[in-house]
Amino acid sequence: MKNPGLIFLGAFLVNNIILMRFIGLCPFFGVSTTVETATGMGLAVIFVMTLAAWITFGIYHAVLLPLGLVFLRTAAFILTIASLVQFVEMFLKKSYRGLYNALGIYLPLITTNCAILAVTFLNIDNRYNFVNSTVFALGTGLGFTLVIITFAALRERLDQAPINPSLKGYPIAFVAASLVSLAFLGFSGLFGLS
Amino acid sequence: MNRWQIFTRGIISENPVLVIMIGLCPALATSGTVRDGFGMGLAATFVLFFSNVIISMIRKLVPAEIRIPVYILIISTFVTIVDYAMQAFQPDLYRVLGVFVPLIVVNCIILGRAEAFASKNSVLNAALDGLGMGIGFTLTLVVIGTIREILGNGTFLGYSVLGSSFKQYPVTFMILPPGAFLVIAVLKAMINKYVRKEI
C-alpha cells in the first residue's frame with residue numbers, strides 16, 4: 001500500500017483513528033460537547049499532527065537512525081511534540097492573533113493527545129516516506145475532525161433526550177460512540193483497504 | 001488514610017478506567033481477548049510502579065517549573081524498557097498490542113498519578129499507590145477482555161467455553177471496535193447505578 005491516495009483514504013475513513021484504532025479517546029469524550037469546541041479542537045489537531053509528522057520524520061531519519069539511537073525514539077518524540085506545541089502556541093500568539101484566538105485554548109490539551117504521538121510512531125512502523133507521512137498525518141487529522149464534529153452534533157441532541165439517570169453522561173456517550181463506530185465499520189473493504 | 005486504603009482504592013473506589021475515566025484508549029483497544037488485556041495491564045503496571053517510585057525519590061530535587069518534562073522522561077525510560085523486553089520475550093503479544101506499547105508514555109493514568117500522588121508522598125506510599133492503580137487497571141482490562149472474548153469468540157484464554165455450536169456463529173460484533181464501546185458503556189452504567197448511587 002504505497003499509493004498516497006489510498007493511504008489518505010485508509011487513515012481518513014477505513015482505519016479511523018478514533019473509532020477503529022481507539023486512539024485519542026480522551027479529547028474525543030472531553031471536548032466533543034458542542035460543535036464549536038469540537039471544530040476548534042479538530043483544526044488544532046490537524047495543524048499540530050502534520051507539523052509533528054514532519055519534524056519527527058526529520059529527527060528520526062537525520063538524527064536517531066544515523067547515530068544508532070532508535071531506542072530513544074519514545075523519549076525523543078514525546079519531548080519534541082511537547083516543545084513543538086509550546087512553540088506553536090507562542091508563535092501563533094505573536095504573529096497570528098486571529099488563529100490563536102480560535103485554536104489557542106486547545107493547544108495545551110494536545111500535548112497529552114495520544115493521537116499525535118501515535119501518528120508519528122505509525123509513520124515509522126509503516127516505513128512511510130516524507131510524502132506518505134504527510135498524507136497519512138493529514139488524513140488521520142481530518143478523520144479525527146470528522147468524527148469529533150459528528151459526535152458533538154449527536155451529543156448536543158443527547159443532552160435533551162430523556163434517558164435513565166445511570167446512563168447519563170459517559171455511558172450514553174459510549175453507546176452513541178458504539179453506534180457511530182458500527183457505521184464506520186461499513187467503510188472496511190472500501191477500495192480493497194482493510 | 002492508611003496504607004491499606006492507599007493500596008486498594010485504585011482497584012474499586014478510584015478505579016482509573018471505570019470511575020475516573022482516564023486511560024480509555026488502551027482499555028478499549030487492547031481488550032479484545034483476556035490475554036491481550038492482561039499483557040497490556042502488566043506492562044502499564046510495571047511502568048506505573050517504577051515511575052511512581054523514582055518520582056517519589058526525587059520529589060525534593062526537581063524544581064517545580066520543569067517537573068512535567070522530568071516526569072515524562074522518567075516514564076518514557078520505563079516504557080522503552082517494556083517496549084524492548086516485550087519485543088524480545090513476547091513477540092506475539094507485541095505484534096497484537098503494536099503501537100499501544102510505546103503509547104503507554106501518554107497514558108493519562110501514569111502522568112496523573114505522578115503529578116497527583118507520587119510527587120507529594122513517601123516512596124513506600126507511592127509504590128503502594130502505583131501497584132494498586134496498576135492492579136485496578138489490569139483487572140478492568142481482564143474483565144472487559146473476558147466479556148468480549150466469551151461473547152465474541154466463545155472462548156476464555158483460548159479455551160472453548162460456550163461449545164462448538166456457538167463458536168460457529170459467535171457475536172463477532174463484540175470483538176470489533178463497536179463492541180468495546182458497548183461493553184464499557186454497560187460497565188460504567190452499572191457502576192453509576194450500584195457503586196456511586198449519588199449520581
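**Where the two chains meet**

So, helix 9 of chain A and helix 9 of chain B are roughly antiparallel to each other, a label for angles over 145 degrees. Their angle is about 170°, and the axes are 8 Å apart. Axes here are lines fitted to C-alpha atoms, for helices over the stretch in contact, with angles from 0 to 180 degrees between N-to-C directions. Helices are DSSP runs (H or I, at least four residues), numbered from the N terminus.

Quick housekeeping: this is a predicted model, where local features need pLDDT of at least 70, side-chain atom pairs count only at pLDDT 80 or more, and totals for chains, interfaces and linings use all residues. Residues are numbered from 1 along each chain as its sequence is written, while chains are lettered from A and ligands numbered from 1 in the order in which they are written.

Now zoom out. How many residues of chain A are in contact with chain B? It's 31, against 32 residues of chain B, and contact means C-beta atoms, placed from the backbone, within 7 Å. On the chain A side, helix 9 gives the most, with nine residues. Among those in helix 9 that meet the partner helix are A:Phe174 and A:Leu182.

Last stop: A:Cys26, in helix 2 of chain A. Is A:Cys26 buried or exposed? Buried, because 21 other C-beta atoms lie within 10 Å, and the cut-off is 20 or more. Beyond its neighbours within four places in sequence, A:Cys26 touches B:Ile22, B:Leu24 and B:Cys108.

How values were computed:
Helices (H or I, at least four residues) and strands (E, at least two) are DSSP runs, numbered from the N terminus. Angles under 35 degrees count as roughly parallel, over 145 as roughly antiparallel, 65 to 115 as roughly perpendicular and the rest as oblique. Two residues are in contact if their C-beta atoms, placed from the backbone, lie within 7 Å. A residue is buried if 20 or more other C-beta atoms lie within 10 Å of its own, exposed if 12 or fewer, and partly exposed in between; C-beta atoms are placed from the backbone.
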